[in-house]
Amino acid sequence: MSISSLTEADRKHLIHPVVNYRAHEARGVTLLESAHGSFVRDAEGNELLDAFAGLWCVNVGYGQESIVEAACAQMRKLPYATGYFHFGSEPAIELAAQLVERTPASLQHVYFTLGGSDAVDSAVRFITHYFNAIGQPAKKQFISLARGYHGSSSFGAGLTALPAFHRNFDLPLPQQHYIASPYAYRSNFDDDAALIAASVAALEAKVAELGAARVAAFFCEPIQGSGGVIVPPVGWLKAMRDACRKLGILFVADEVITGFGRTGPLFACEAEGVEPDLMTVAKGLTSGYAPMGAVLISDEVYRGIADGSPDAAIGHGYTYSAHPVSAAIALEVMRLYHEGGLLANAAALGPRFAQGLDALLEHPLVGDSRHRGFLGALELVADKDTKAGFDAALKLPDRIAAAAYRNGLIFRAFGDNILGFAPALSYTAGEFDLLFERLRRTLDDALAEPEVRAAL
Ligand code: PMP
């Protein structure tokens with residue numbers, strides 16, 4: 001099909017995730033054609049440096065031939081195996097064992113999903129089943145963070161605390177509650193300890209308000225991604241985990257973005273010795289080469305469910321749970337992180353990424369720079385002293401994204417003037433130089449627009 005007929009067919013028939021449908025019809029699709037390493041090529045032949053790893057998922061970079069080979073070999077051997085009726089396949093079992101080995105010691109059992117949203121949904125179903133099975137059916141209230149993102153399922157989108165995911169979807173549900181996000185830049189705390197103490201106090205207050213006997217779990221991302229890359233101080237995650245234990249509620253770490261080396265260690269929980277009751281993962285698990293996610297659960301939760309239903313099937317299942325091709329891909333991806341040297345590369349180049357972002361703090365548009373590992377953001381403000389943002393009517397994120405594209409760079413420009421970055425763990429030093437050269441030019445281009453300059 002020609003570019004114009006593809007654009008036309010897309011406009012007519014293909015519904016895109018999280019866009020304004022009328023705006024998409026007017027704008028049309030940006031057709032991507034191929035990719036290699038850290039670069040993607042669009043249908044018009046433009047080469048773009050991808051500083052967002054697709055959708056913070058292609059952690060190993062594009063064009064990893066060994067993954068293609070692993071997928072082909074598995075497709076030839078056994079392209080599908082159901083997990084129903086007690087069937088299973090070697091790659092899925094091997095992957096489950098590896099995940100248990102490499103995640104915090106509390107997590108002993110793995111349920112495979114197709115991505116992050118259904119990993120979160122599975123976590124909620126397991127938690128609900130667990131409390132019913134152990135005779136605590138009143139524990140049905142869920143707490144998450146303002147600006148949190150936990151996917152787009154009918155329940156998970158209510159744990160997500162972003163207005164677009166609630167509007168006209170009849171969310172949040174009555175059993176979904178939020179506490180403030182650990183957002184240092186937009187909070188007035190003297191230091192990190194005060195911010196951590198405030199988060200703990202907010203959780204305690206919310207649990208007291210709802211009644212501990214009615215609260216099932218607290219869900220959080222170790223670093224909030226889709227809410228604007230909000231990086232809590234070191235120690236925050238551990239403090240929240242410990243608070244949950246004291247309060248008698250389950251602690252769920254949603255590591256869909258932070259997992260698989262994105263923040264430095266394989267999992268963000270590892271950095272603080274945090275042992276969650278449940279953990280959700282996806283994205284970097286297969287690096288986007290095939291859909292797959294997982295929820296890992298503690299032995300206590302697993303035993304509660306298993307022993308509570310000794311004679312009946314546990315009615316939770318997907319046709320493609322533990323898909324052997326996705327599992328074979330994930331095994332090769334795991335090899336690339338470790339033996340392939342990608343975690344080591346990210347550890348070596350993390351400071352370069354951090355310095356590059358921090359250096360842009362002197363740019364007239366940049367109010368904040370925050371990062372951990374290969375996950376980072378710049379927040380743009382109209383006034384650095386008051387931290388006042390830009391009027392939404394200025395559509396600064398759209399202007400920035402368009403300027404970046406013209407400069408051969410892709411990253412995420414969030415609606416509230418936050419620019420998110422998640423380069424592949426395979427980035428080279430030279431690619432970081434190119435990223436920051438193109439990013440600075442992009443910010444300068446935006447600043448040169450008279451409407452932007454007038455807003456400062
Ligand atoms: N949880 C978190 C923390 C996420 O960032 C995402 C996706 N961005 C999800 C869940 C949902 O994952 P998916 O899009 O694969 O359904």
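What follows is a short chat about a predicted model.

Colleague: Before we dig in, which pLDDT do local features need here?
Modeller: Residues are numbered from 1 along each chain as its sequence is written. This is a predicted model, where totals for chains, interfaces and linings use all residues, side-chain atom pairs count only at pLDDT 80 or more, and local features need pLDDT of at least 70.

Colleague: How is the protein divided, and what separation do the domain centres have?
Modeller: There's domain 1 (31–63 + 341–455) and domain 2 (66–337), with bounds that come from an automatic or database domain assignment. Taken over C-alpha atoms, their centres are separated by 27 Å.

Colleague: Which element gives the most to the side of domain 1 that touches domain 2?
Modeller: The contact takes 28 residues from domain 1 and 21 residues from domain 2, contact being C-beta atoms, placed from the backbone, within 7 Å. Elements giving two or more residues on the domain 1 side include helix H3 (53–56), helix H14 (342–359) and strand S11 (366–372); helices (H or I, at least four residues) and strands (E, at least two) are DSSP runs, numbered from the N terminus. With five residues, the top giver is H14.

Colleague: Which residues touch the most other members of the largest nonpolar core, and where does that core lie?
Modeller: A nonpolar core is a set of buried Ala, Val, Leu, Ile, Met, Phe, Trp, Tyr and Cys residues joined through C-beta atoms within 7 Å. Buried means 20 or more other C-beta atoms within 10 Å of the residue's own, exposed means 12 or fewer, and partly exposed is in between, with C-beta atoms placed from the backbone. Of the 122 residues in this core, Phe 218 and Ala 294 touch the most other members. Both domains give residues to the core, so it lies between domain 1 and domain 2.

Colleague: Which strands stand at the edges of the open sheet?
Modeller: The sheet has four strands in the order S1-S2-S3-S13, with mixed pairing; strands pair if DSSP finds at least two bridges between them. S2 (residues 39–42) and S3 (residues 47–50), for instance, are antiparallel over three bridges. The edge strands each have a single partner strand, so one side of each is left without a neighbour in the sheet: they're S1 (32–36) and S13 (409–410).

Colleague: What arc do the buried residues of helix H15 cover?
Modeller: In H15 (residues 396–406), Leu 396, Pro 397, Ile 400, Ala 403 and Ala 404 are buried. Their packing partners include S12, helix H16 (429–448) and H17. The arc, that of the directions from the helix axis to the C-beta atoms, puts them on the same side of H15, because it is only 130 degrees.

Colleague: Which peptide bond is cis?
Modeller: Look in the loop between helix H8 (163–166) and strand S6 (176–179), where Pro 172 lies. With omega at about 0 degrees, the cis bond joins Leu 171 and Pro 172.

Colleague: Is His 86 buried or exposed?
Modeller: His 86 is in the loop between helix H4 (65–77) and helix H5 (90–102). Its phi is near 70 degrees, a positive value in a residue other than glycine. With 6 C-beta neighbours inside 10 Å, His 86 counts as exposed.

Colleague: And what separates the C-alpha atoms of Arg 453 and Ala 382?
Modeller: Arg 453 has its place in helix H17 (residues 450–455). Along the chain, Arg 453 and Ala 382 are 71 residues apart, but their C-alpha atoms are separated by 9.2 Å.

Technical notes. Two residues are in contact if their C-beta atoms, placed from the backbone, lie within 7 Å.
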